[in-house]
Amino acid sequence: MELNLPISEMEQGMRVEGFYLLKDAAVKKASNGKPYLNASVMDSTGSVTVMMWDYSGSIDEHDVGKIVKVRGDVSVYKNSNQITASRLRLATEEDEVDLSRLVPIAPIDTDMRFQEVVHLIDSVEDEDYRAVAREMLRRHEETFRKIPAAKSVHHSFLSGLLMHTSNMLKTADFFAALYPEVVDRSLLITGTLLHDLAKEREFVFSSIGMATGYTVQGELLGHLVMGAQEISAVCAELDIPEHKSVLLQHLILSHHGNPEYGAAVIPMTAEAELLALIDRVDSRMEIYAEILPTLQPNSFSGRIYALEKKIFRHE
C-alpha cells in the first residue's frame with residue numbers, strides 16, 4: 001500500500017491510500033441502473049480520475065474543494081491513470097493532513113510576475129488607460145495575486161490568475177509591437193489586465209483558496225458582464241472619456257470570442273480580436289501542459305472536453 005503518494009508518481013497496478021483535494025464529483029447511473037461516483041482528486045503534482053462503483057456514499061458535487069481520503073487501485077483507462085476506489089470519505093478534524101502537499105500552486109515566482117505586470121502597466125502611454133489599469137490593479141491586487149483563473153478548465157491552481165494574465169500581457173505586448181499600424185497598445189494592454197479580474201466575484205472559494213463553485217452574481221451575470229460594469233463605474237469616477245470606457249468594456253464583453261463560448265458580443269476591434277485569440281492560446285496551452293504529463297509517450301488522451309478533442313503526446 002502506497003500512502004499519500006504524489007499523484008504524478010502513481011503507476012498502474014499500485015494500491016494507494018491517502019488524502020487528496022476533491023476537484024470534481026458527480027454521482028451517475030450505470031447501464032445496470034446502479035449508481036457510481038465519477039470524481040477526480042488532485043494534489044500539488046497533478047490530478048487523477050477516481051471511479052467508485054455501486055456507490056452508496058454521500059460525497060457529491062457539493063463537496064468539491066474539500067479534502068477526501070481515498071483507498072483504491074491504480075489502472076490505466078484511455079492512456080491516463082485512474083483510481084478505482086474501494087473506500088472514500090471526507091477528511092475529519094482528527095485527520096493529520098499536510099495542506100502544503102495538496103494545494104496546487106502556480107509554478108511561478110509570484111512577486112516577480114506581479115512586478116512584471118506593474119512594469120507593463122507603467123509602460124502604457126495613454127494616460128487615461130494607464131489610470132484605469134492602475135486603479136483596477138490597486139482594487140484587486142490581493143486577490144489577483146492569489147486566486148485561480150478558473151474552477152477546473154485551466155490555471156485552476158492558486159495564483160493561476162496572475163500566471164494567466166501575466167502570460168497574456170507578454171503576448172499582447174509582442175503583438176502590439178508586431179502590428180502597430182492597427183493595434184492601440186495602450187488599449188490592448190489595459191484590456192488584457194482587466195479581462196478576468198471580475199472572477200474574484202464570480203467564484204466561491206474554499207478555505208484554502210480554490211474555486212469550488214459560482215456566486216449568485218457569477219451564475220446570473222458572469223465575469224464578463226461584471227467586469228464591464230466595474231470598468232464603466234471606474235471610468236466614470238476617473239472622468240475617462242466615454243469612448244475609451246466603451247472600448248474597454250467591449251474588450252471584456254467579447255474576450256471569449258464567440259457567443260457559444262460565453263462572449264456577450266463578438267470582437268469588433270483589432271484589440272478585441274487579439275485579446276480573444278491571446279486568451280484562447282494561453283488557456284489551451286495550459287490544458288496541454290496539465291494533460292501531457294499524465295500520458296505515456298506516443299499515446300493519445302481520451303476526449304478532453306475543454307479542447308473538444310483528444311491530444312497526442314509524442315516522444
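**Exercise 1.** Find the residue on which the kink in H3 is centred.

Solution. H3 has a kink of about 75°, centred on His140; the bend at a residue is the angle between axes fitted to the seven residues ending there and the seven starting there. The model is predicted: local features need pLDDT of at least 70, side-chain atom pairs count only at pLDDT 80 or more, and totals for chains, interfaces and linings use all residues. Residues are numbered from 1 along each chain as its sequence is written, and side-chain values use heavy atoms, with hydrogens and water left out. Helices are DSSP runs (H or I, at least four residues), numbered from the N terminus.

**Exercise 2.** State which residues of H3 are buried and what covers them.

Solution. Buried means under 20% relative accessible area (1.4 Å probe, protein chains only). In H3 this holds for Tyr129, Arg130, Val132, Ala133, Glu135, Met136, Leu137, His140 and Phe144. Their cover includes helix H2 (110–122), helix H4 (160–178) and helix H8 (222–237).

**Exercise 3.** Describe the largest nonpolar core.

Solution. A nonpolar core is a set of buried Ala, Val, Leu, Ile, Met, Phe, Trp, Tyr and Cys residues joined through side-chain atoms within 4.5 Å. The largest has 41 residues, and among those with the most contacts inside it are Val132, Phe144 and Leu248. H4 gives the most to this core, with seven residues.

Next, take Leu248. Leaving aside neighbours within four places in sequence, Leu248 is in contact (heavy atoms within 4.5 Å) with residues including Tyr129, Val132, Leu187 and Cys235. A second, separate core has 22 residues, including Ile7 and Tyr55.

Conventions
Helices (H or I, at least four residues) and strands (E, at least two) are DSSP runs, numbered from the N terminus. Buried means under 20% relative accessible area, exposed over 50%, partly exposed in between (1.4 Å probe, protein chains only).
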